[in-house]
Amino acid sequence: VKASPKSCDIFCRIIDNYGDIGVCWRLARQLAHEYDMVIRLFVDDLTTAQHLIPSLDTSQIKQTIMEVEIVHWQAHFVAITPADIVIEAFACELPDTYLQAMTENQPVWLNLEYLSAEYWVNGFHAQTSKHPTLPLTRHFFFPGFNENTGGLLRENALIEERQHFQNSAEEQAKFWQKLRIPDAIKPKDELLKVSLFAYPEAPVADLLESFKNSSSPILCLLPGNGLINAIEQYLGWNVSQNSRITLGNMTLQHVPFLSQSEYDQLLWACDLNFVRGEDSWIRAIWAAKPMVWQPYQQTEQAHLPKLNAFLDLYTQGLPDASKQVVERFYRAWSSNHLGTDDWQKILDQLPTIATQSKNFSDRLAQQTGLASRLVSFCKNPTYPV
Ligand code: TRH
């Protein structure tokens, strides 16, 4: 067993969207705050990273924010001494000079993989592979939903903070005031609040049409700009920052891209959350509210087994009627066409789905989180976690 690791280098290459940096930035902060580790986060694209780290100065090669040293990862990589743990996020390929330096101090080298609820993850988590030419071993660290995987990212105080927020009308009122949407404080039977974060290929027009014709009033909150084109095309409405429009029973409200902690609060405060990719997916689980997850679309429909594996977990134990409604809605949302009554059916089942989502979240929150498993693994990488 090794001594507790004191430092960690995280390498993050931003492929597209915000998930890669979203996960890395969250993990970096957690290891710094909760494990007192010295963290360097190497990021190749500071402009995209700035969405998630608003105070980031994109002209700086190095800067420290929230106890994390953020380093602009450029093509020419000057050799440095590697930290005790090296995290290569999502197989982003470490610089050659850095790999060479790793042969000297032999850190624990982890490849942090993408999250999936699929069964095969249990067998692949914590497997190793030897570097083809250098004396180095890489460990594959798979996040996941059970004890045989690397777990889910969750800050130690998160559930307590969420419970406090969800039990406090005052905190919620303050939050909506800050977003300049004071009427959102209304109870859900008067105004159902839905947050909508999805890939543009989602059937957004079908959904908004259903909201418009919904049997009760809906406030649909649209954080960020990813869906604006789809919405403008459908509604012919020019979406400007913080603007809103009411059509039938739907009020559509634009919200600027929020900080990660404000986005958490949005998820906590809404009655249903549409999320996507990886990090918002996990955050919606911790919100303990009904959710619709859209996986990142892959070629040859490779995202569909991922979707089904999650659905199996999320709907486990639900009465058949609700289970079918949830499954149908998820599959329709991810195959880009909603039926006319799909939304109304979800609405009818919402109380049951809400109880299910709360229990699902509570059950998962009883497991240890990813950061804790990662640190234990690094102390003893020869044994499964
Ligand atoms: O942006 P994404 O689609 O990221 C995806 C996934 O990670 C996917 O698996 C990967 O292959 C692809 O990137 C490259 O969705 P995700 O993972 O939910 O990341 C969004 C991040 O943005 C998350 O950390 C939450 C954060 N966020 C905010 O902080 N504020 C906001 O207002 C919103 C809407 C999101």
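Hi everyone, let's begin with a helix. In this predicted model, helix α11 covers residues 303-314 and holds both F310 and Y314, which sit four residues apart, about one turn of the helix. Their two rings form an aromatic pair, with 5.6 Å from centre to centre and 15° between the planes. Planes under 30 degrees apart count as stacked, so this pair is a stacked one.

Are these two residues buried or exposed? F310 has 0% relative accessibility, so F310 counts as buried. Y314 is buried too, at a relative accessible area of 2%.

Now let's zoom out. How many aromatic pairs does a search of the whole structure find? The number is 29. Another of these pairs joins F145 and W281: the ring centres are 5.7 Å apart and the planes meet at 50°, so this pair is tilted. Here the partners come from separate places. F145 belongs to the loop between β8 (137-141) and α5 (158-167), while W281 belongs to helix α10 (residues 279-287), so the pair ties together parts that are 136 residues apart in sequence. F145 is buried, with a relative accessible area of 7%, and W281 is buried at 0%.

Here is how the two pairs connect. F145, W281, F310 and Y314 are among the members of one aromatic cluster, which also includes W293, Y330 and F360.

Last, let's look at charges over rings. R13 lies over the face of W73, 4.3 Å from the ring centre. R154 lies over the face of W286, and there the distance to the ring centre is 5.3 Å.

Note on methods:
Residues are numbered from 1 along each chain as its sequence is written. This is a predicted model: local features need pLDDT of at least 70, side-chain atom pairs count only at pLDDT 80 or more; totals for chains, interfaces and linings use all residues. Side-chain values use heavy atoms; hydrogens and water are left out. Rings of Phe, Tyr and Trp (its six-membered ring) pair if their centres lie within 6.5 Å; planes under 30 degrees apart count as stacked, over 60 as edge-to-face and the rest as tilted. Helices (H or I, at least four residues) and strands (E, at least two) are DSSP runs, numbered from the N terminus. Buried means under 20% relative accessible area, exposed over 50%, partly exposed in between (1.4 Å probe, protein chains only). A charge sits over a ring if NZ of Lys or CZ of Arg is within 6 Å of the ring centre and within 35 degrees of the ring normal.
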